[in-house]
Amino acid sequence: MSLPPGFLDELRNRLSLTDVVGRKVMWDTRKSNPGKGDMWAPCPFHHEKSASFHVNDKDGYYYCFGCHAKGDAITFVRETENVGFMEAIEILAQEAGMPVPKSDPKAQEKSDKRAELANVNEAANRFFRLCLQQQGGTAARAYLDKRGMKPETRERFEIGFAPSGNALLRALKDQGISAEMAVEAGVAAKPDDGREPYDFFRDRIVFPIRDARGRLISFGGRSMDPNARAKYLNGPERLLFDKGNALYNHQEARVACGRGQTLVVAEGYMDVIALAEAGFEATVAPLGTAITDRQLQLMWRMSSEPVIALDGDKAGLRAAYRVIDLAMPLLEAGKGLRFAILPEGQDPDELIKAKGPEAMQEVLDGALPMVALLWRRETEGKVFDSPERRAALDKSLRETIRPITDASIKRHYGEILNDMRRELFRGKREESPRKAWTPGGGRGRFGKQAAVPTEGLKASLIVSGDEAQADLMREAVVLAVLIANPGMAMEFLSQLEALTPRSEDHAALLHAVLTHAEEEDAGVLRDNVSAMAGRGALDRLMSHPHVQIAPPVRRPDREVAQMCLTEELAKLKARRGYQAELAEGLEDMLAADDEKLTWRLRQAAEARNRATKAEAEDRTEFDIAENGLELSRDERNAFRALLSRIAPERGK
């Protein structure tokens, strides 16, 4: 809707930016000068402690010298309240006592009708909440008590109870609200056969559903009858309510997202309430159905990367896979999804009650990017032992990412999936007696390429012709394993101190891990590393698909982590030893005589051999023969002993 000329200027003139911003910050009294409208505070956008956020009331603009956020009152409301332009205008206009210009008559009539229906729902809500406190709500209160819902939580979420019969219609009639209006609002229904209207919700615990602006648009009800056809029931779709375009707890979650919380998408009302009570206030839920494209757009307006929290059973995974297919055509740069898979058999409410909010935070911290879950869907449990089956996987992956409309995003998806594909299909490995770390903590043997893509195979590093990239990947796995398995750094202190990371992120993360090497709590360690190295460095490390599917990162286990770190640190040391020897050999090439050059290159070859044969697991010792071949020392000694018995002179 267009606004008349001068409306915004008048709105800004009537408002004090200091008053608007002052609702969200605490002013620094030492630096601020209220008389001149020159105010300073810690920035509300990047949660600092120092007062680098400056408000100039005279000019009506703010600026942060830390994160460089800037704007006027409208911008501030949009950013902190997570609302659109017109919603911000309405909020400020109400505060300034200015009516927002009306749109065309038909639109205004519809708006007035919505407001009237919302008032009917508010009246119904008061009735439901009163019923919960009365004698008829005894069983409902007992159920809520059994679920651990405190009385103050019921008040916060306005939980009510709808009794049997048509008690609501009678109560509304006493307030002058007709049955027809109750039907239009969705709290009553009218049979098609012409009979009298009846209460839509009967013998149900009732959850009010509000939109982003706080209007009460409908209700959800949980039946108290275990034999009811529908355990959960939403109000019917009417002028005020479209369940595919609404989210439970939308308004509160939007405000929490404005404070910097991560948006979590749970499955139902009780999950949202449990998460919010545990501190995860930026939580919403679709209304009893699969997530729709319109709901995704609502989520992205609140957060650029919502976390979909689903049960870890087959139904939860199927729901996640449906969301992937829905989201593919809608992806844009800066708009994505992550998936937090809960332990099988537990929903958020059960997990929090059993292990506390920390356990839920760990699940959210380990959320997978969409590409990792996509790969899991296409490969898990499948056999790729023939060209035809491999080709089928290629086709399936191409078809899956085809709906992505953003060319850049599609290219990145293709690159990551191709990396995973190469890892799965890489050439046959030589049979070796060395041991390998596996997801169960046991030890296996590397043989020919596995037919089934096991977790151990999928967790291994990408092997490509770029050795620097391979080293970066090994460093990333080492750092992620150390962060996911607190205390392990103490066992590898000398190797870690000698490690020279290849990137600034890795160097900062390693320094933070070594600084807090004695920390035994995973959550505390992660927070300390994030504080020292920066949240961005930690997020980039943990978001890499090959880090996330590494067994000791996905399921922390001390024995598995120890084997993984031993192998990867030894490979890094041996590979870099080879590179150092080779570099020195090349430098001496022109100045050295032939024998010195030969010796130098032989040293490089030995280092290279150690890098490729993973000495961390392989305890066999070798000697280099005069012709450069590698011989097992045990076998060579046994041969000499045998030869000395047969021909003493030759044995010497």
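The side chains of E184 and K113 come together in a salt bridge, with 3.5 Å from N to O (a salt bridge being a side-chain nitrogen of Lys or Arg within 4 Å of a carboxyl oxygen of Asp or Glu). This pair links distant parts of the chain, since E184 belongs to helix α9 (residues 179–185) and K113 to helix α5 (residues 105–133), 71 residues apart. Helices here are DSSP runs of H or I with at least four residues, strands are runs of E with at least two, and both are numbered from the N terminus. E184 is partly exposed, with a relative accessible area of 33%, and K113 also counts as partly exposed, at 25%. For these labels, buried means under 20% relative accessible area, exposed means over 50%, and partly exposed lies in between, with a 1.4 Å probe and protein chains only.

The model is a predicted one, in which local features need pLDDT of at least 70 and side-chain atom pairs count only at pLDDT 80 or more, while totals for chains, interfaces and linings use all residues. Residues are numbered from 1 along each chain as its sequence is written, and side-chain values use heavy atoms, leaving out hydrogens and water.

In total, the structure holds 34 salt bridges. Another of them joins K24 to E81, whose closest N and O atoms are 3.0 Å apart. Because K24 sits in the loop between α2 (17–22) and β1 while E81 sits in helix α3 (residues 73–81), the pair ties together parts that are 57 residues apart in sequence. The two partners fall into separate accessibility classes: K24 is partly exposed, at 34%, whereas E81 is buried, at 17%. A further salt bridge connects the side chains of R402 and E399, at 2.7 Å from N to O, and E399 is partly exposed, with a relative accessible area of 41%.

Salt bridges also link E122, R129, E155, E158 and R210 in a network. E158 is located in the loop between α7 (151–156) and β5 (160–162), and it is buried, with a relative accessible area of 17%. A positive phi is found at D203 too, near 50°, again in a residue other than glycine. D203 lies in the loop between β7 (198–199) and β8 (204–210) and is partly exposed, at 28%.

Turning to the strands, an open sheet is formed by four of them in the order β1-β2-β3-β4, with antiparallel pairing (two strands pair if DSSP finds at least two bridges between them). The edges are taken by β1 and β4 (70–71), each with a single partner strand, so one side of each is left without a neighbour in the sheet. Strand β1 (residues 38–41) runs antiparallel to strand β2 (residues 53–56), and four bridges join them. On its other pairing, β2 meets strand β3 (residues 61–64), also in the antiparallel sense and over four bridges.

For H54, the bridge partner in β3 is Y63. The hairpin of β2 and β3 has four residues between the strands, and there G60 takes a positive phi near 75°.

Elsewhere, strand β9 (residues 216–223) contains S218. This serine is buried, at 3% relative accessibility. Apart from neighbours within four places in sequence, S218 is in contact with N121, F207, P208, I209, G235 and F241, where contact means heavy atoms within 4.5 Å.

Finally, helix α22 (residues 504–515) and helix α24 (residues 535–543) have axes that come within 10 Å and cross at roughly 105°. Axes are lines fitted to C-alpha atoms, for helices over the stretch in contact, and angles run from 0 to 180 degrees between N-to-C directions. D505, H506 and L509 of α22 make the contact with A537, L538, R540 and L541 of α24. These contact residues divide into four nonpolar, one polar and two charged; Ala, Val, Leu, Ile, Met, Phe, Trp, Tyr, Cys and Pro count as nonpolar, Asp, Glu, Lys and Arg as charged, and the others, Gly among them, as polar.
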